[in-house]
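Please consult the sequence and structure shown here alongside the text.

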Amino acid sequence: WSHFATGVEQVRLLDRFSNKSTNGTLYLTATHLIFVENSSNNSTSILHHHIASLEKLSLTTTGCPLVIQCRNFRVVHFVVPRERDCHDIYSSLLRLLRPVSYEELYAFSYNPKQNDQQREEGWQLIDLGAEFERMGVPCDQWQLTDVNRDYKVCETYPRDLYVPITASKPIIVGSSKFRSKGRFPVLTYFYQEKKAAVCRCSQPLSGFSARCLEDESMLQAISKANHNSRFVYVMDTRPKLNALANRAAGKGYENEDNYSNIRFQFVGIENIHVMRTSLQKLLEVIGTRSLSMSDYLVGLESCGWLRHIKAIVDAAIFLTKAVTVEGASVLVHCSDGWDRTAQVCSLGALLMDPYYRTIKGFMVLIEKDWISFGHKFADRCDQLDGDSKEVSPIFTQFLECVWQLTEQFPQAFEFSEWFLLQIHEHVHSCQYGNFLGNNQRQREELQLRERTHSLWAYLMSEKDNYLNPFYSPAYSESHPVLEPSTLPYHFKFWRNMYHQFDRSMHPRQSILKTILTLRENKAPTARCDPHRNIRSPCTSSHQRPALQLERAPATSRLPHPGGAHQPQRSAAAGGGRRAGGGGRGGHGEHRHGADSRGQQRH
Amino acid sequence: MEFAELIKTPRVDGVVLHRPFMPTVEGTLCLTGHHLILSSRQDNTEELWLLHSNIDSIEKRFVGSVGSIIVKCKDLRVIQLDIPGMEECLNISSSVEALSTLDSVSLMYPFFYRPMFEVIEDGWNSFLPEDAFKDLESMTDEWRLSEVNKDFSVCPSYPPLVAVPKDVDDDTLRKVATFRHSGRFPVLSYYHKKNGMVMMRAGQPLTGTNGRRCKEDEKLINATLRPGKRGYIIDTRSINVAQQAKARGGGFESEANYPQWRRIHKAIERANVLQESLIKLVEACSDQSHSMDRWLSKLEASSWQAHVKEILTTACLAAQCIDREGASVLIHGTEGTDSTLQVTSLAQIILDPACRTIRGFQGLVEREWLQAGHPFQQRCAQSAYSNSKPRQEAPVFLLFLDCVWQILRQFPCSFEFSESFLVLLFEHAYASQFGTFLGNSAAERAKLSLPEKTVSLWSWVNRPQELERLTNPLYEANSLVIWPSVAPQSLLLWEGVFLRWNRSSKCLDEAYEESQQNSKRLSALLTKNIFVLLCLSTLCNALL
């Protein structure tokens with residue numbers, strides 16, 4: 001990329017919702033595409049891994065347009081004066097954004113200047129064994145089994161699994177053979193108060209009539225482990241039609257006649273393909289310029305996105321009620337048990353257990369229900385050049401469900417939405433090892449613990465940035481179980497996620513930030529040095545072009561990935577707009593400044 | 001007339017009150033001339049005091065010998081009262097119906113209400129036009145205060161004193177009044193100190209189909225232009241609607257006769273359309289079907305959010321003409337008493353930091369709504385639940401408040417008042433113990449002797465304990481123009497009004513209150529610590 005070492009000058013960055021544009025220079029580094037504004041020296045940097053698609057539009061009088069869509073929903077529109085430069089950038093990026101092996105991912109080259117011990121400590125931050133102990137497992141009814149120690153029974157499950165005391169090895173192995181991908185029923189959450197368990201698995205290979213005695217015994221064992229209830233709920237999170245269709249392929253769902261003491265229930269969450277299309281439609285609608293209110297609302301409805309979000313929350317509420325009110329154990333599955341099952345189990349646990357609503361607890365929850373139980377992050381998030389039909393915003397939906405709950409229960413969560421947004425950012429950045437690969441076995445093969453860093457350690461070190469000032473531990477004590485309303489108007493469009501980088505869409509001042517700023521100022525030490533090192537909210541570190549190294553430090557201490565949401569006192573600065581156009585007349589742009597964190601660490 | 005004649009049954013025991021998401025209360029129901037009261041006669045149980053004038057509609061239901069009445073209020077609350085005894089129930093219901101639909105203004109509660117608080121400042125004198133003019137005089141000498149309307153004869157819906165260009169005499173004003181709808185000749189609405197540009201408002205010009213013109217009208221509005229400058233006329237109606245108005249004697253300013261003005265048409269809906277929209281929105285909000293598609297499609301079909309967007313967009317346009325283009329603006333629709341006022345008042349919120357203070361906002365409501373002749377009594381006679389055929393009712397003022405709330409949400413630190421002030425104004429515009437929103441114009445208020453016979457809402461608001469309740473703890477004076485985003489994604493449903501009576505938003509209120517206290521503590525801390533303050537301002541400057 002030596003061609004770009006000096007940068008492509010006179011590039012224009014167009015705002016996608018107004019007629020504004022900024023001039024600057026475009027640089028390409030090994031990991032980032034960086035646009036540095038001429039006037040302010042502010043920069044916008046885009047990690048190559050974040051680029052979802054790249055489009056070179058036909059040449060115009062002012063130059064060659066290049067449109068980049070990112071996985072964090074940033075959309076940038078450059079106009080490069082010379083077509084040749086544009087083509088060079090385009091083809092270089094194309095090569096960069098389709099990695100074929102994990103080793104090419106950023107995590108393997110990212111170096112935050114930590115020694116091996118610090119790195120190892122980072123990985124030890126989350127300990128799932130300790131988490132099961134916290135839930136009260138193992139106990140007289142549930143035990144740790146070593147049946148999957150070598151990933152022999154199920155290669156997409158973790159090594160350590162918890163099963164009922166009465167589930168013998170033959171039962172487990174038999175059951176796993178009767179379940180799609182060998183994903184037999186295992187414990188994921190234990191509700192100590194009622195001794196009720198949340199278990200997860202994949203669909204049974206029942207076809208039209210097949211049955212499996214071991215699998216039936218397995219469910220029996222789960223039932224017996226709970227003395228509070230005479231039956232187990234089996235929640236099939238799919239729409240009934242999908243489950244029926246699966247029977248023709250030798251899969252399907254549990255026949256209530258063959259399993260004693262189960263109550264079977266469909267909850268109707270759509271599959272990954274429906275979700276992918278839904279998000280695409282949503283992004284299309286909200287990306288429209290001069291969108292009318294009517295088109296917006298019609299679009300919100302027809303894309304179905306909020307309906308899907310509500311379906312997931314509804315399912316989690318069903319699970320929570322069954323466990324906390326009825327004291328029944330619940331077995332949750334979908335098809336393979338790694339998408340909808342992960343959504344419902346983790347969201348249900350979040351509703352039941354205040355621990356998961358803390359910063360640390362939320363990390364544990366993701367580690368447990370998503371990472372360790374084999375949500376296919378690599379496929380779903382398109383980490384390597386692969387099958388585009390496997391890509392789906394399942395984890396994004398989970399984060400959004402959590403956000404919807406934080407809106408309903410502003411005091412119940414230790415973290416603010418910036419925490420969710422930051423996690424989302426890094427699920428796609430491939431900067432940390434946590435989310436690489438599709439399952440634990442693969443992660444071990446990649447030696448991620450040895451070769452990459454853990455996101456959790458980084459987020460923990462930045463914890464102050466993600467605190468929710470309204471959080472009240474007393475509230476959590478008095479409301480251990482959250483009972484959200486599912487009336488449709490409680491589900492809102494998550495502007496800060498899908499328009500995170502569209503500054504013009506956002507409130508110009510933020511209550512959250514103001515309060516956090518006030519709080520921070522409570523400790524008036526070390527505040528008055530204007531050249532203090534301020535953590536930039538920037539999401540990633542990168543090599544900066546040499547000419548940029550002497551920049552002033554970034555100006556904000558608050559977490560806003562990519563620099564959206566600076567509390568801005570007025571929009572009055574900046575260029576005007578001709579009368580006749582409605583809306584905002586313009587405002588001072590403030591993207592994140594220098595990536596000071598990156599600088600400090602390099 | 002005696003109220004006693006209307007009260008068939010003054011008191012019933014054993015009445016059960018149901019409110020959504022709240023425990024039921026059993027007690028004695030009493031009817032007075034102005035209130036429906038339910039008291040459990042026990043300590044620490046709250047009593048219900050409901051103004052009859054707050055009741056929008058009432059329905060009866062019978063199950064056996066127990067009758068229920070469902071009371072739907074103008075503030076959008078719905079309650080149910082179970083009344084033992086069929087006769088009692090019928091009596092209560094018909095009494096309440098009669099008492100809540102009294103036609104005579106002088107029988108309204110404000111004429112009977114005696115304040116239980118000490119009036120520190122009489123609100124009736126707090127916002128006199130002559131005082132507002134003194135502020136103007138300190139900035140410019142190009143305007144004068146005319147008494148041409150002192151007996152309300154030139155324009156019945158204007159106040160006795162109006163600000164007009166200095167060079168235009170009263171005779172000219174009288175002639176112009178005959179050329180404008182309801183005599184509403186162009187008057188000063190706002191003076192932009194920063195560049196001396198002005199915003200004026202008026203009724204539509206009565207050009208009719210044959211293009212009548214009025215030299216005095218042209219002279220008047222041209223007198224507000226600086227030499228060589230052009231101005232903008234913002235007609236709040238679409239060009240089609242404005243064209244159609246010609247057939248009824250109305251119309252708009254032609255380019256030929258007003259060459260120094262550029263006319264822009266926007267499409268803010270008329271009153272009856274807005275009322276329909278409110279009814280649909282409230283209906284959508286009470287839908288219990290739990291279907292996302294149904295909710296979104298009903299929300300869309302109500303068009304409420306579209307109205308909010310259109311009004312805000314027009315206000316932004318007016319503000320841009322003044323602040324960005326450096327041009328003066330004349331705003332009118334048809335009568336100049338509804339959409340015109342929405343636009344002029346919102347533009348001032350955007351442009352003028354003074355309007356974002358508690359007192360400044362009161363002044364704005366007083367100037368741009370009450371004295372400007374918004375017909376509150378007609379517009380707020382009924383709300384969303386009324387069964388009677390709408391006459392002049394329309395949520396014009398509520399839409400204005402909604403738009404202010406949208407801006408407040410986008411600039412939560414730039415307003416001295418909190419959302420509760422807006423909700424309070426909504427409530428009192430529809431039903432109140434105070435006289436402020438009675439009548440349709442200054443003339444009517446004078447005729448009713450409201451300042452002598454009733455208490456002003458402002459007298460109540462401007463007391464320390466009330467002000468504290470309405471204050472936004474995050475307020476930090478912002479002297480700049482604030483441009484709201486009008487993208488549909490940036491505009492929200494005003495839950496504080498439309499979803500107010502359900503539990504979840506109550507839970508949010510609690511959190512909000514806590515956060516308010518939280519930030520009050522923090523800001524108290526902040527003011528104590530000048531050192532910190534300095535640092536904060538450094539930080540803020542860095543962000544600008």
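The sections below describe these contacts in a predicted model.

## Aromatic pairs

Over all chains, the structure holds 55 aromatic pairs. In one of them, A:Phe377 and A:Phe435, the ring centres are 4.9 Å apart and the planes stand at 65 degrees, so the pair is edge-to-face. A:Phe377 belongs to helix α12 (residues 377–380) of chain A, whereas A:Phe435 is in the loop between α14 (417–429) and α15 (440–445), so the contact ties together parts that are 58 residues apart in sequence. A:Phe377 and A:Phe435 are both buried.

In chain B, the rings of B:Tyr158 and B:Phe185 meet with centres 5.3 Å apart and planes at 90 degrees, and this pair is therefore edge-to-face. B:Tyr158 is located in the loop between β8 (143–146) and β9 (162–165), and B:Phe185 in the loop between α4 (170–179) and β10 (187–192), so parts 27 residues apart in sequence are tied together. B:Tyr158 and B:Phe185 are both buried. Returning to chain A, one aromatic cluster has among its members A:Phe377, A:Phe435, A:Trp370, A:Trp456 and A:Tyr466.

## Charges over rings

The charged end of A:Arg263 is placed over the ring of A:Phe231, at 3.8 Å from the ring centre. In chain B, B:Arg463 lies over the face of B:Phe117, 4.4 Å from the centre of the ring. B:Arg463 also forms a salt bridge with B:Glu466, with 3.7 Å between the closest N and O atoms. The relative accessible area is 7% for B:Arg463, which is buried, and 8% for B:Glu466, which is buried as well.

## Cysteines

A search of the whole structure finds 0 disulfides over all chains. The cysteine sulfur closest to that of A:Cys401 belongs to A:Cys345 and is 13 Å away, too far for a bond. For B:Cys403, the closest cysteine sulfur is that of B:Cys316, at 9.5 Å, again too far for a bond. A:Cys401 is buried at 0% relative accessibility, and B:Cys403 is buried at 0%.

## Salt bridges

The count of salt bridges over all chains is 56. A:Arg98 pairs with A:Asp385, the closest N and O atoms being 3.5 Å apart. A:Arg98 is partly exposed at 29%, and A:Asp385 is partly exposed at 42%.

A:Lys376 forms a salt bridge with A:Glu390, with the closest N and O atoms 2.9 Å apart. A:Lys376 is buried, with a relative accessible area of 14%, whereas A:Glu390 is partly exposed at 22%. Shared partners join A:Lys376 and A:Glu390 with A:Asp339, A:Asp379 and A:Arg380 into one network of salt bridges.

Key. Residues numbered from 1 in each chain as written. Chains lettered and ligands numbered in written order. Predicted model: local features only at pLDDT ≥ 70, side-chain atom pairs only at ≥ 80, totals over all residues. Heavy atoms only, no water. Phe/Tyr/Trp six-rings, centres within 6.5 Å; stacked < 30°, edge-to-face > 60°. Helix = DSSP H or I, 4+ residues; strand = E, 2+ residues; numbered from the N terminus. Buried < 20%, exposed > 50% of the residue type's maximum accessible area, 1.4 Å probe, protein only. Lys NZ or Arg CZ within 6 Å of the ring centre and 35° of its normal. Disulfide = S-S within 2.5 Å. Salt bridge = Lys/Arg side-chain N within 4 Å of Asp/Glu carboxyl O.
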